Amino acid sequence: MTEPRPRSDPPPVSGAGPQEAVVLRDVLRGPGYLKVLVLCGLIGIPVSLAAFWFLVVLHELEHVLWADLPEALGWDAPPWWWPLPLLLVAGTVVGLVVAHLPGAGGHVPAAGLHTGGASPAALPGVIVAALAALPFGAVLGPEAPLIALGGGLALLFRDLAQAPATAQSTALLGAAGAAAAIAAIFGNPLIAAVLLIEVAGVGGPQLFAVMLPALLSSGIGSLVFTGLGHWTGLPTGNLSLGSALPDPPLDVGDVLWALVIAVALAVVLHFVLAGARSVASYVHGRPLARTVQCALGAAACAALYALTTGRTPVEVASSGQAALGGLATDPHSWGIGALIAVLLFKGAAYTLCLGSLRGGPIFPALFLGAAAGVLLSPLPGLGVVPGFAAGMAAALAAVMRLPVSSVVLVTLVLGSSAMMPVVILAAVVAFVVSELLPPGRAAKTAARVP
């Protein structure tokens, strides 16, 4: 007969031992931690405002350069050569920042996202490099400068408030500032929190080893569950509020093709990233001249795309955020030739910009994945929406190596959870394939890339 546990014993803690629970309580009760927590909340206000106006300036400057200025000069759309002078300016300014300003304008995008905020001394270089690169046609997004800006401002405000500069406060404030800033671009605090948890690598490889099976099984379970409901027509009830846009039901062909798309994009983007790291190593020796060369190479890709297809060069010389909305709204307005051309030319420009300019890798990866999914949607059994969703998830997971963040972000972009099973499967498969591919010489030397 089992003896009853004494009432003085604490109840067992699920997922953690008693010692971990005691440590957590001690941390939360510590006056230093509570002060830092309050400071993080207060710092979120000015950081969010700074991130908002930073994004406004980027958007307005991009509109002036790519819409207002060509119209003022008599063109309805930017001519094919328009990216050349703009990216020449971008490469020159970024090269000067890298060569002469503290912090080199932030880290090289080919190295992925970093959670550490820029030091206050490096903030001017981060801002100047982002303002020179992103509106002028760099095939990059604003998320990396926002993370550096948010973390750096948080540390700056801490110094101005004369708060203690401990290792704990530096880590917490940097993460809090980065989260407040990154939430501004995605418009959702959840993706900011999930993204920073994965970028920071909390738990190390063990986190991914435990997380991937759970993520995969949840995707398969959701697929079986929704599939059974679709096949039988029997209601089961759910907590979803529904979406304003109709979503097609998933079929077996959608699932199978999503796996193929995931493997193909993981392999292709593996070589894109390897090429970007090689570009970064090449630029590192002579940052000014070689950054200009790479920027002009990206401009040539946009110009050739415009000459080849007769479409606007903005579809290549940009982050792809605006073009992604147009592709989602009317995917049939893009012919097969235009989709192939934008994948080739934007992929090449993306490789050059990842290794030379300053910005983030997320939005171009989303666009390239979406374009690949739409291009392959005529395959038998594959729908446009599942292909679109699977392509975005696979491309983002392959580039970022952040499977959970990829699932959350793509679901947020789609505005519905109907495609989540396909999104999860594509993200997990692309992540695993990317991790199993040989890193190559360029990746082995990535630690030397600034």
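**A chat about loops, a core and a helix pair**

Biologist: Hi! Where does A104 lie?

Modeller: In this predicted model, A104 lies in the loop that links α3 (83-100) and α4 (123-133).

Biologist: What's its phi like?

Modeller: A104 is not a glycine, yet its phi is positive, at about 55°.

Biologist: And is A104 buried or exposed?

Modeller: A104 counts as buried because its relative accessibility is 17%, and the cut-off for buried is under 20%.

Biologist: What about R401?

Modeller: R401 also has a positive phi, near 55°, and is a residue other than glycine. You'll find R401 in the loop between α14 and α15 (403-414). With a relative accessible area of 22%, R401 is partly exposed.

Biologist: New topic: which residues touch the most other members of the largest nonpolar core?

Modeller: That core has 118 residues, and those touching the most other members are F186, L327, L357, I362 and L366. Helix α14 (residues 384-400) gives the most to this core, 12 residues.

Biologist: Let's pick I362. What is it in contact with?

Modeller: Beyond the neighbours within four places in sequence, I362 is in contact with L113, E143, F186, L195, L396, M400 and L409.

Biologist: Back to α14. How does α9 pass it?

Modeller: The crossing is right-handed. The axes of α9 (residues 252-285) and α14 come within 8 Å, at an angle of roughly 35°.

Biologist: Which residues meet there?

Modeller: From α9, they include A258, I261, L265 and L269; from α14, they include G387, A390, A394 and V399. The residues of this α9 and α14 contact are 13 nonpolar, 2 polar and 1 charged.

Methods
Residues are numbered from 1 along each chain as its sequence is written. This is a predicted model: local features need pLDDT of at least 70, side-chain atom pairs count only at pLDDT 80 or more; totals for chains, interfaces and linings use all residues. Side-chain values use heavy atoms; hydrogens and water are left out. A nonpolar core is a set of buried Ala, Val, Leu, Ile, Met, Phe, Trp, Tyr and Cys residues joined through side-chain atoms within 4.5 Å. Buried means under 20% relative accessible area, exposed over 50%, partly exposed in between (1.4 Å probe, protein chains only). Helices (H or I, at least four residues) and strands (E, at least two) are DSSP runs, numbered from the N terminus. Contact means heavy atoms within 4.5 Å. Axes are lines fitted to C-alpha atoms, for helices over the stretch in contact, and angles run from 0 to 180 degrees between N-to-C directions. A crossing is left-handed if the near helix is turned anticlockwise from the far one by less than a right angle, and right-handed if clockwise. Ala, Val, Leu, Ile, Met, Phe, Trp, Tyr, Cys and Pro count as nonpolar, Asp, Glu, Lys and Arg as charged, and the others, Gly among them, as polar.
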